[in-house]
Amino acid sequence: MSACLVSISGQTDESTHHFQQANQYYLNEDYQHALESYQQILQSGYESAELYYNMGNAYYKLNKIPSAILYYEKALVLKPNDEDIRFNLSLANQLTTDKIETLPQFFISRWYRSLTGLLDEKGWSWISIAAFLLFMISLMFLLQNRSYRFRKIFFTGTVMFFIIALFSFTSARKQFLRRIHPQYAIIFAPSITTKSTPDEGGTDLFILHEGTKVHIEDQIGNWIEIKMADGNSGWIPEKTLRVI
Amino acid sequence: MVVKYIVVFVNNLRYILLFTLIAVSINANQLYAQNQVSFVASAPSAVNLGEVFRISYSVNQKPDQFNGPRIDHFQFNGPMLSTNMSTQIINGKISQSSSYVYNYTLQATQVGVFTIAPAEIRIKGKTYHSNSLKIEVVKSQATNQHTNRSAGQNNPGTSGRQIANKSLFARVELDKKNVFKGEQIIATIKIYSQVNLARFGDIKMPSYSGFWTQEIPTPDQVSLHRENVNGVIYNVGTIKQTVLVPQQTGTLTIEPFELECYINLPRQRPGSFFDDFFNNDFFGTTRTTIKRIKSPEVKVEVKPLPPASQNFNGAVGQLFVTTTVDHMQVKTNDAITYKVIVKGKGNLKLIDLPPIDFPADFEVYDPKTTNNTNASLQGISGSKTFEYLIIPRHPGEYRIPSWKFTYFNPESGKYINRTLPACKITVAKGKDENSTVVSGNLGKEDIRLLGKDIRFIKNDSSRFNTIGKTFYGSALFKGLYLSILLIWILLFVARRIKARRMADTEGLKFRKAFIIAHRQLSRLHARMKKGDEEHLPESLLKIIWKYLGDKLNLDFSVLEPESVKNQLTESGINEDEVNRLISLIEECQFYQYAPGLKKADYNNLINQTNKILSQIDRLMNKTK
């Protein structure tokens, strides 16, 4: 057990070392080498919001905007409410060609989405465990007590904790899915025409340019069906985008 | 050996002969050219029956001998020779020319087409021949005839100023009268005259409404030639030729062409020889009369085109289309010229191209069209060029798809499709691409961000996680949930057991309540017998309370008569018994504070208690 712990910490030490080295390169404006060091961390199997954020910055400085956007989005998955990540991402989005008008969303779904975005999967998971614990305790008291007054208090308590537990569990699950099964991607081809069918001979629909974020709907062979913030959808070849 | 040469010579004989023939004729021509002998015969090509006319044979050198042709089918006089010599001095050069003309006067006696053989002439020992003449003799109904100078005949039928329509009219002739909409028609305006035309005045051209027109260049001078129209000879002149392209369907009418003609007429006076002599143009004693002629209306049937496909844009004729692209590999913001050239015969000026599907990312400017057509007797032909200027704004691989140009061929009555090929254009990233992008649509928020730089990198290296590993769904996560659940179940079960046990204790106490009370009463009785009377009422009360507490499962230290009454009544004990118990309790309470109770009373009390408790016990056991 202790040996296991030691090896884990050893690896993170190495990652920390690479990270600091990369940051040093960044300070010296040697963005290419910085990226190489950042990549080493990724290759050894580690990630963090800070890592992705710094990579996004390096790509931005190298004027490789689609890559910058991709890594900012990756950082956002791990730390959804970080101000810096959001700010830099909006700057990078300025430099994309496509200005997609987002469809107006039902306000409840908007609230729900911003609420789940407050924490990452780890945060929500812990909250769900705590809420579950409180729920159980409250239930216990509810069953135990005969007095009417107490029963009322514990009943509301039980229901409340149950709802919190359920909500935080689903939020945790949502964030988990975002990390493990990416549903979004960034276009990397300078420009690509979406087709109505997963075929080169399909009708041309609309043109997308690099740096645009799209939602992945379906996949058939080498073709992926994508949907955009304004509701339009079409098929593009797999090689033209990279998942977040 | 020799035989071989002979064979070769014979084989090539025909070529040799041909060669010599050509050489000789060239030489002959040269001979002619050197000596410049021209011997030409001339005569009208068509005459009326009975008409008197002249044929002449002219030669430019003094002939030694003239042998006229044999003239059949005509009555004739002649030949009569007239000579003419002239000397010209131009810019110091002296040139002499002479002409010797042999004239015959003929009158046609038969109707038909007749040939007069060439005449022969001998100059300086060489013989020359003229051309032969072909004359058509027609039976005429016309009364007007050209005045003949030498004969001086009067023309009967020319009454005053009136000139019959038959002797002077105009026509608009069309090469086709039944066409498709868009098909070209050549319209020729001609005048037919049997009179002496001096000049023209006012002209009114038909408006050709319903047609698109283009003039065919015609010489200004109207030259007349003789033509036979239904057996009558006329002098015909072409005024103007136009290409007409009908723009509507149905029956279109071409309005009349009007022309004012000035005609020379001889004076009408019964004349003597002198008058006749003076009655000609030379002495200027002719009258001039004006006749305004009008061509008849002409109707044209214009058929509608058969139902067309979508990309038919009105092109009619026989056409060919080509496309060119000047650059296929460019950088962003470079200009590309896409040219479409339509060539052939047809209504080129009216042609439009169907909209071409340029890639959406390209900025396309309206095409520049250049017309290079001309109108001739075959109609309008030439080419029309459309130049599109397109500019790609973003890098990538693009395709201008292939498209179809459809035109209608009136001769075959079918639509023909010409397919133009697709072409691929590769656009590389040019410089300064970002600057064009930023100038796009900016909202209020976006303007706020203009010109700002990204925020600085983060230094926190404590939060590294393994990629792909999450807390959610991990062993710890599941473990915690499970353990909470298990612990809760354990606690729950434990509580249930305890409660059951508590219930058992309760039951036990309930069952044993009277036995205990009875035992306690017996002990009290024994104590009393012994003489220990202290606190008897108290002890009794204690026993009663304990009994009630056990039986009703209440803490007897808080019991009061009132609450006991309620509980007992609730438990189903009748009121009498309850009252008896209450009065007993009250009695004990009384004696608790009021001494002086006798032994016999104590006994009584104890027995009473026993009795009441046993009664209550029986009742409670029943209701339980």
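The model is a predicted one, in which local features need pLDDT of at least 70 and side-chain atom pairs count only at pLDDT 80 or more, whereas totals for chains, interfaces and linings use all residues. Residues are numbered from 1 along each chain as its sequence is written, and chains are lettered from A and ligands numbered from 1 in the order in which they are written.

Between the two chains, 36 residues of chain B are in contact with 44 residues of chain A, a contact being counted if the C-beta atoms of two residues, placed from the backbone, lie within 7 Å. On the chain B side, the elements that give two or more residues are helix H4 (433-438), helix H5 (444-449), strand S32 (465-466) and helix H6 (475-530). H6(B) provides the largest share of that side, 8 residues. By residue class, the side of chain B that touches chain A divides into 17 nonpolar, 11 polar and 8 charged residues, with Ala, Val, Leu, Ile, Met, Phe, Trp, Tyr, Cys and Pro counted as nonpolar, Asp, Glu, Lys and Arg as charged, and the others, Gly among them, as polar.

Helix H6(B) has 56 residues and reaches 77 Å from its first C-alpha to its last, close to the 82 Å expected at 1.5 Å a residue, the expected span being 1.5 Å times one less than the number of residues. Just after H6(B), B:Gly531 takes a positive phi of about 115 degrees.

The largest nonpolar core comprises 62 residues, of which B:Val47, B:Ala170, B:Leu244, B:Val300, B:Val342 and B:Tyr407 touch the most other members; such a core is a set of buried Ala, Val, Leu, Ile, Met, Phe, Trp, Tyr and Cys residues joined through C-beta atoms within 7 Å. When residues up to four places away in sequence are not counted, B:Leu244 touches B:Ile185, B:Ala187, B:Tyr208, B:Phe211 and B:Thr213. Apart from this core lies another, of 44 residues, among them A:Phe19, A:Ala22, A:Tyr46 and A:Leu89. The C-alpha atom of B:Leu244 is separated by 6.8 Å from that of B:Gln214, 30 residues apart along the chain. B:Gln214 lies in strand S15 (residues 211-216) of chain B and counts as partly exposed because it has 18 C-beta neighbours inside 10 Å. Neighbours within four places in sequence aside, B:Gln214 is in contact with B:Thr242, B:Val243, B:Ala375 and B:Ile380.

Chain A contains 8 helices and 8 strands, and buried residues make up 39% of its 244 residues. Of the contacts in chain A with a separation of 6 or more, 58% are accounted for by residues 24 or more positions apart. Strand S2 (residues 184-187) of chain A pairs with strand S5 (residues 213-220) of chain A in the antiparallel sense over 3 bridges, with A:Ala185 opposite A:Val214. S2(A) also pairs with strand S8 (residues 241-243) of chain A, in the antiparallel sense and over 3 bridges, and in S8(A) the bridge partner of A:Ile187 is A:Leu241.

Some backbone features remain to be described. The peptide bond from B:Gly78 to B:Pro79 is cis, with omega near 5 degrees, and B:Pro79 is found in strand S5 (residues 74-90) of chain B. A:Asn63, in the loop between helix H3 (49-61) and helix H4 (65-78) of chain A, has a positive phi near 60 degrees and is exposed, with 11 other C-beta atoms within 10 Å.

Note on methods:
A residue is buried if 20 or more other C-beta atoms lie within 10 Å of its own, exposed if 12 or fewer, and partly exposed in between; C-beta atoms are placed from the backbone. Helices (H or I, at least four residues) and strands (E, at least two) are DSSP runs, numbered from the N terminus. Two strands pair if DSSP finds at least two bridges between them.
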